[in-house]
Amino acid sequence: MSLKQKTVLVCVFSLLFSSCATIQESTKNDDVLLKEYTVKENTGYQYTVSYQFRDSAKFNDVSVEASIKKYQMCETEDRGIYDRTEITERRAVYEKGIVNELSNNWSGPGDLGDCYSIASIYSLIVGIGILLFPVCITDSFRAMDSSRHIGEVTKTIQSSEPNRCDEVSPGGTQVTLTLNDDKTFTKSADASGNVIFTISELGESAKEFHNTWASLKAEKVEKDVSIPETIQYHWIDRDYEIALKQDTVDGYQTFLQTYPQSKYTDVIASRLTKQALRQAEKAVHEKDWEDAYSYWKIAKGNTETLTNGEKKEFDRIEKFLKNNIASKDEAYEFFPPEQFRYETLVTNPWSLMGKYIEIEGIVFQRLGVGSYLIRLGGTYMVYVDYLSVSGNQLMRELTGGGIPNGAPVKILGNVVGSKTYETAIGGTNTVPWLFAKWIEVEQ
């Protein structure tokens, strides 16, 4: 074979076997920093609000001074300008092909080094490596690295969340003060962020110490406003002296409602109980049973502060009230009804004797002043004696003909056994018997 033929054969083999290798590429950037700079982007404003009281020791014509701060919020980003060169790295990786076919000991992917090693071995042994060297050389050229100059590029080095980047004038910001009684005051802040609310009608709302007294709002920020202790102590002492001077049930109750927890609570509560008892006693003498019950109920809430003599008076008034029921609340407080079965009441009323029960029915017949037949469940009759001693109900019994027949009623009464009455046709009938403490006509 001539040299020319061998050269052609080598070239043919080189072209054929060059497909054995896969050229793998990877790209990376070689960046050289030229300069750095920082970019700020405005993202809105942030507000803060604080307050203080003026002339707080008097609190008659109090002023609340609000202070507003306004901050520009910015998002910052550090950037860099780089000179960039793009570098492409290549590597020939041999898959199954001529090299694999010629070597039983070599399996899997390999690189150019493998190719040259095998070619050398086969050149020495069988001469076939002469054909592989061109293949390796061709793949070497195909796997050469390359570079490309890109030029200047900009990259972000570091970025931050929005934060305060500058304090600006809050002048003109609308500030609203809302009291806990819903009174609202709105003003514009001056250039320094100050707003002064002078509230001459502060009065009662200032005494709601157990609640947040007011709220301050500027844009989207809101702050609760509480009364300073110096103001609280001033008003507590002042109102305590006023309550003692008035020495009335209303005055003591107002103080306790305004200051539920104070150093004077126990003293005022004791005075309230004693004053309520005196008023209840006065109302009993005047036979004003409604007032007597109202004052007695107030005294009931703190009887442990009463002396032994006052406790006896308290019990005596209670006895008067039980005999002169003036309201539904009073009736149910003194004579709470017990649970029972209608069948037991109808069949054996004596087993319920002395118990207070509640029944509902229809007035079947008025037998006289304060006496009624009440039909229960459309079948059973109950005899009820009743004579109210209170206001409108008494007038209804004495002058208005009492409760009309057919009226639906609810009755709280004491079971006293059974009663036999004469019917309209001359016969007799025995039915359960109640002494009513309260009869309510239902609508």
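Which residue stands opposite Y383 in β14? In the predicted model described here, that residue is W433. The model is a prediction in which local features need pLDDT of at least 70 and side-chain atom pairs count only at pLDDT 80 or more, while totals for chains, interfaces and linings use all residues. Residues are numbered from 1 along each chain as its sequence is written, and side-chain values use heavy atoms, with hydrogens and water left out.

Helices (H or I, at least four residues) and strands (E, at least two) are DSSP runs numbered from the N terminus. Two strands are taken to pair if DSSP finds at least two bridges between them. Strands of a sheet pair through backbone hydrogen bonds, either parallel or antiparallel.

Strands β10, β11, β12, β14 and β13 form, in that order, a closed barrel of 5 strands with mixed pairing. From one strand to the next, the twist averages 45°; axes are lines fitted to C-alpha atoms, for helices over the stretch in contact, and angles run from 0 to 180 degrees between N-to-C directions. Strand β12 is parallel to β14, and 3 bridges join the two. Besides the Y383 position opposite W433, D385 stands opposite F435 in β14. D385 of β12 is also the bridge partner of S371. Strand β11 (residues 371–376) runs antiparallel to β12 and is joined to it by 6 bridges. The hairpin of β11 and β12 has 3 residues between the strands, and G377 takes a positive phi near 60° there. Of the 6 residues of β12, 5 are buried, so the strand is largely enclosed by the rest of the structure. Buried means under 20% relative accessible area, exposed means over 50%, and partly exposed lies in between (1.4 Å probe, protein chains only).

The largest pocket holds about 150 Å³ of space. A pocket is an open set of points on a 1 Å grid over the protein atoms alone where a 1.4 Å probe fits, with protein on both sides within 12 Å along at least five of seven lines; lining residues have an atom within 4 Å of a point. Grid points are joined across faces, edges and corners, and the volume is the space filled by probe spheres set on the points. The pocket is lined by 13 residues, of which M381, N429, T430, V431 and P432 are the closest to its centre. At least two lining residues come from each of α11 (342–347), β12 (380–385), β13 (408–422) and β14 (428–441). Strand β14 gives the largest share, 4 residues. By class, the lining has 8 nonpolar, 5 polar and no charged residues. Here Ala, Val, Leu, Ile, Met, Phe, Trp, Tyr, Cys and Pro count as nonpolar, Asp, Glu, Lys and Arg as charged, and the others, Gly among them, as polar.

A separate open sheet consists of 4 antiparallel strands in the order β6-β5-β8-β9. Strands β6 (184–188) and β9 (221–225) stand at the edges with a single partner strand each, so one side of each is left without a neighbour in the sheet. Neighbouring strands of this sheet are turned by 15° against each other on average, direction ignored. Strand β5 (residues 174–179) pairs with β6 over 5 bridges in the antiparallel sense, and T178 stands opposite T184 in β6. Strand β8 (residues 214–218) is likewise antiparallel to β9, with 5 bridges between them, and L216 stands opposite K223 in β9. The hairpin of β8 and β9 has 2 residues between the strands, and E219 in the turn has a positive phi of about 55°.

Aromatic rings were also examined. Rings of Phe, Tyr and Trp (its six-membered ring) pair if their centres lie within 6.5 Å; planes under 30 degrees apart count as stacked, over 60 as edge-to-face and the rest as tilted. The count comes to 14 aromatic pairs. The ring centres of Y240 and Y264 lie 3.7 Å apart with the planes at 5°, so this pair is stacked. Y240 lies in helix α5 (residues 229–246) and Y264 in the loop between α6 (249–258) and α7 (265–285), so the pair ties together parts that are 24 residues apart in sequence. Both Y240 and Y264 are buried. The pair of F335 and Y356 is tilted, at 4.7 Å centre to centre and 35° between the planes. F335 lies in the loop between α10 (328–334) and α11, and Y356 in strand β10 (residues 356–368), so this pair ties together parts that are 21 residues apart in sequence. F335 counts as buried because its relative accessibility is 7%. Y293, W296, F314, F334, F335 and Y356 form one aromatic cluster.
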